[in-house]
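Here is a brief report on helix packing and loop residues. Look over the sequence and the model before reading on.

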Amino acid sequence: MPFSLHFSPTPLITAPSPLSKPFFLVPYYHTLHAPKSPLCSSTEHALTHQGKQEAFDRRPEDSQTLPLGLRRDAMPSHVAVIMDGNRRWARLRDLPVRSGYEAGVESLRKIVEICCKWGIKVLSVFAFSSDNWFRPKVEVEFLMSLFERGMQEDTGIFFRENIRISVIGDLTKLPKALQELMVNLEEATKNNTRFQLIVAVSYSGHYDVVQACQRLALKAKCGLIEPSDINVSLMEQELETNCTEFPHPDLLIRTSGEFRISNFMLWQLAYTELFFAQSLWPDFGEAEFLKALLAFQQRQRRYGV
Ligand SMILES: CC(C)=CCC/C(C)=C/CC/C(C)=C/COP(=O)(O)OP(=O)(O)O
């Protein structure tokens, strides 16, 4: 049965609470973040790739629904998106900014549905950058409430459709209720295997690299590693994308005609193919997504070799 993320509002699922201890007895979010066990423990090996997933499920219907011309054997595993142009979309229609963001959520739901249908395994979206905190307070507050509402409304769908939600970024800056909702959702969906949605909130590539360096420095200080042990692999184990089996996006799409990376996943994008779409994010739909994927499938990836 095909699924639609446009189902009428789903009642909040009453899954058993995944965490047995109250979240906020723990001072920092990252001590709770599944792949990041407390530092300086003897179980260092378990620090990384905990909960790393087995191969993703493919439902029978997933393999039947590829549009003409799209090759299953060349599909990107991980697509990242900079969902730009929501405010411009609203202004062009003389609508308040919040309508642009709401339309952006609808667009995201559509793209998640298509990813599931076409067998893409991971979608990362830049939902709120570290610099977005400097936007007008009313806008920031609206976005926080939108994240909360969006995640609550779709919780049932994540379970029903076997979707794993991961959130990356400095969540300590978010309202407590939102932190709690996100951590709960991550924990409750961590064994879902069909598709993984990574939401980057209060995130930047600089933040990610710096927090990884801090964690490595602390490990060195604790005597768990030598500074000379630090290499690409150890760094990647500390980056926020250690929540996924596919940490390097194969394809990055940025909408709204801007040609910038804007501090998104700087490390992880090293060999990513880039696609810049003219549409504003709320207008980005199946046809343009298909265009991006077809362009991706034409690319020759040489990884510098
Ligand atoms: C639940 C959930 C994950 C929701 C995601 C909501 C969403 C679409 C967030 C995008 C936020 C954002 C700062 C986009 C940048 O474009 P902009 O709006 O700044 O556009 P502009 O370039 O036209 O100013």
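## Helix packing

H3 passes H4 in a left-handed crossing (left-handed if the near helix is turned anticlockwise from the far one by less than a right angle, right-handed if clockwise). By class, 11 nonpolar, 3 polar and 1 charged residues make up the contact of H3 with H4. Here Ala, Val, Leu, Ile, Met, Phe, Trp, Tyr, Cys and Pro count as nonpolar, Asp, Glu, Lys and Arg as charged, and the others, Gly among them, as polar.

The model is predicted: local features need pLDDT of at least 70, side-chain atom pairs count only at pLDDT 80 or more, and totals for chains, interfaces and linings use all residues. Residues are numbered from 1 along each chain as its sequence is written, and side-chain values use heavy atoms, with hydrogens and water left out. Helices (H or I, at least four residues) and strands (E, at least two) are DSSP runs, numbered from the N terminus.

Helix H3 covers residues 137-160 and helix H4 residues 176-189. Their axes are 10 Å apart, and the packing angle is about 20°. That makes H3 roughly parallel to H4 (angles under 35 degrees count as roughly parallel, over 145 as roughly antiparallel, 65 to 115 as roughly perpendicular and the rest as oblique). Axes are lines fitted to C-alpha atoms, for helices over the stretch in contact, and angles run from 0 to 180 degrees between N-to-C directions.

On the H3 side, the residues that meet H4 include Met144, Phe147, Met151 and Phe158. H4 contributes, among them, Leu178, Leu181, Met182 and Leu185. Contact means heavy atoms within 4.5 Å.

H3 also packs with helix H2 (residues 97-118); the two axes come within 11 Å and cross at roughly 30°. H2 is therefore roughly parallel to H3. This crossing is right-handed. From H2, the contact takes in Val97, Arg98, Tyr101, Glu102, Val105 and Arg109. From H3, the partners include Glu139, Phe142, Arg149, Glu153 and Asp154. The class count for H2 with H3 is 6 nonpolar, 1 polar and 7 charged residues.

## Loop residues

Now the loops. Asn263 sits in the loop between strand E5 (251-254) and strand E6 (273-276). Ser262 lies in the loop between E5 and E6, and Met265 lies in the loop between E5 and E6. Thr241 is in the loop between helix H6 (232-238) and E5.

Accessibility is tabulated below. Buried means under 20% relative accessible area, exposed over 50%, partly exposed in between (1.4 Å probe, protein chains only).

| Residue | Relative accessible area | Class |
|---|---|---|
| Asn263 | 18% | buried |
| Thr241 | 1% | buried |
| Ser262 | 32% | partly exposed |
| Met265 | 0% | buried |

Which residue's backbone nitrogen lies 3.0 Å from a polar atom of the side chain of Asn263? His206 supplies that nitrogen. Setting aside residues up to four places away in sequence, Asn263 touches Phe126, Tyr203, Ser204, Gly205 and His206.

Beyond its neighbours within four places in sequence, Thr241 is in contact with Asp208, Pro247, Met265 and Gln268.

Backbone torsions complete the picture. Ser262 is not a glycine, yet has a positive phi of about 50°. Met265, not a glycine either, has a positive phi of about 40°.

Methods: Polar contact = N/O pair within 3.5 Å; in protein donor to acceptor, adjacent residues only side chain to side chain.
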